[in-house]
Amino acid sequence: MSPESDESSPPPETMFEPTSIDELLELTAFLRADEAARQAFERVGVHGDFTPEEVNVIARMLADFVARRNWRASDRKPTTFAHDFCGAVPFPPLDSTRDPLLLNLAVTLARWIGDGAISGVDDSEARAFLEDRFFQRAGDRSGILTTKATADEVMWMARGLMANSAYWDVVKEVVKRGEFAGIDDDLLRDVVTPLEDAITAKYGLINRGHLGVHSLLRAIAMGKIDSLESPEAWESIRARKMFARD
């Protein structure tokens, strides 16, 4: 049997066509033009979470935009994710010829605009926002050139994950076995990684390097740091010069 027909061989990498900043701005404007989607962006703002109904509304708008641009190929194998980001992140069709992770940055920008943090897609800050988070992957198994996160971004992630009982329970249980105890493979696959990836996509931090969030939460669970609101928490983040910009 040839390698191509070996069922145990992984499928070939899905390759992506390049997407520009201007196209992401156009997608953001398209999403906000829909009344239901716009209301969802204004309700959740930067830090809130979509309801399942809102995820479906925005996902339909993404699919509509992709179809209008002819960015979908019927014979294309869908991009594969190890999980569905816990159903919390609206994505364009996974058989899109454009990188779904990159297109999702338009959703993040729409959240910021809905919150009033950026005035609109014509604001120079909107372009700067996308440029800071922009990346180009040749395919779904390609790496992403990373940039350092800010201390605020790390704290956003930490607060969101600590507020999730499933994630926080894993952290508390792991540290009972020691500061450097490993996480069970099943929990890592089914709980930790999906939740971390979902909140990374929520804030549009796909191109960031190692965020160090999990180690910060371990320190809190062990009592080494009182809380995320303590000066020690911020000092812990900023002390990691390899990972944080400020």
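Visitor: Why is helix H5 called oblique to helix H6?

Guide: The axes of H5 (residues 105–115) and H6 (residues 124–133) come within 11 Å and cross at roughly 140 degrees. Angles under 35 degrees count as roughly parallel, over 145 as roughly antiparallel, 65 to 115 as roughly perpendicular and the rest as oblique, so H5 is oblique to H6. Axes here are lines fitted to C-alpha atoms, for helices over the stretch in contact, with angles running from 0 to 180 degrees between N-to-C directions. Helices (H or I, at least four residues) are DSSP runs numbered from the N terminus. This is a predicted model, in which local features need pLDDT of at least 70, side-chain atom pairs count only at pLDDT 80 or more, and totals for chains, interfaces and linings use all residues. Residues are numbered from 1 along each chain as its sequence is written, and side-chain values use heavy atoms, leaving out hydrogens and water.

Visitor: Which residues make the contact between H5 and H6?

Guide: With contact meaning heavy atoms within 4.5 Å, H5 brings Leu 105, Thr 108, Leu 109 and Trp 112, while H6 brings Ala 126, Phe 129, Leu 130 and Arg 133. By class there are 6 nonpolar, 1 polar and 1 charged residues. (Ala, Val, Leu, Ile, Met, Phe, Trp, Tyr, Cys and Pro count as nonpolar, Asp, Glu, Lys and Arg as charged, and the others, Gly among them, as polar.)

Visitor: And what makes H1 and H6 oblique to each other?

Guide: Helix H1 (residues 21–33) packs on H6 at about 120 degrees, with the axes 10 Å apart. That angle puts the pair in the oblique class, therefore H1 and H6 carry that name. Ile 21, Asp 22, Leu 24 and Leu 25 of H1 meet Ala 126, Arg 127, Leu 130 and Glu 131 of H6. This contact has 5 nonpolar, no polar and 3 charged residues.

Visitor: How do you know that the buried residues of H6 line one face?

Guide: The buried ones are Ala 126, Phe 129, Leu 130 and Arg 133. Seen down the H6 axis, they fall within an arc of 90 degrees, so they line one face of the helix. An α-helix has 3.6 residues a turn, so residues three or four places apart point the same way. The buried residues of H6 pack against H1, H5 and helix H7 (151–162).

Visitor: Why is Thr 28 called buried?

Guide: Buried means under 20% relative accessible area, exposed over 50%, partly exposed in between (1.4 Å probe, protein chains only). Thr 28 has 0%, so Thr 28 counts as buried. Thr 28 sits in helix H1. Not counting residues up to four places away in sequence, Thr 28 touches Ala 106, Leu 109, Ala 110, Ile 113 and Val 121.

Methods
Helices (H or I, at least four residues) and strands (E, at least two) are DSSP runs, numbered from the N terminus. The arc is that of the directions from the helix axis to the C-beta atoms.
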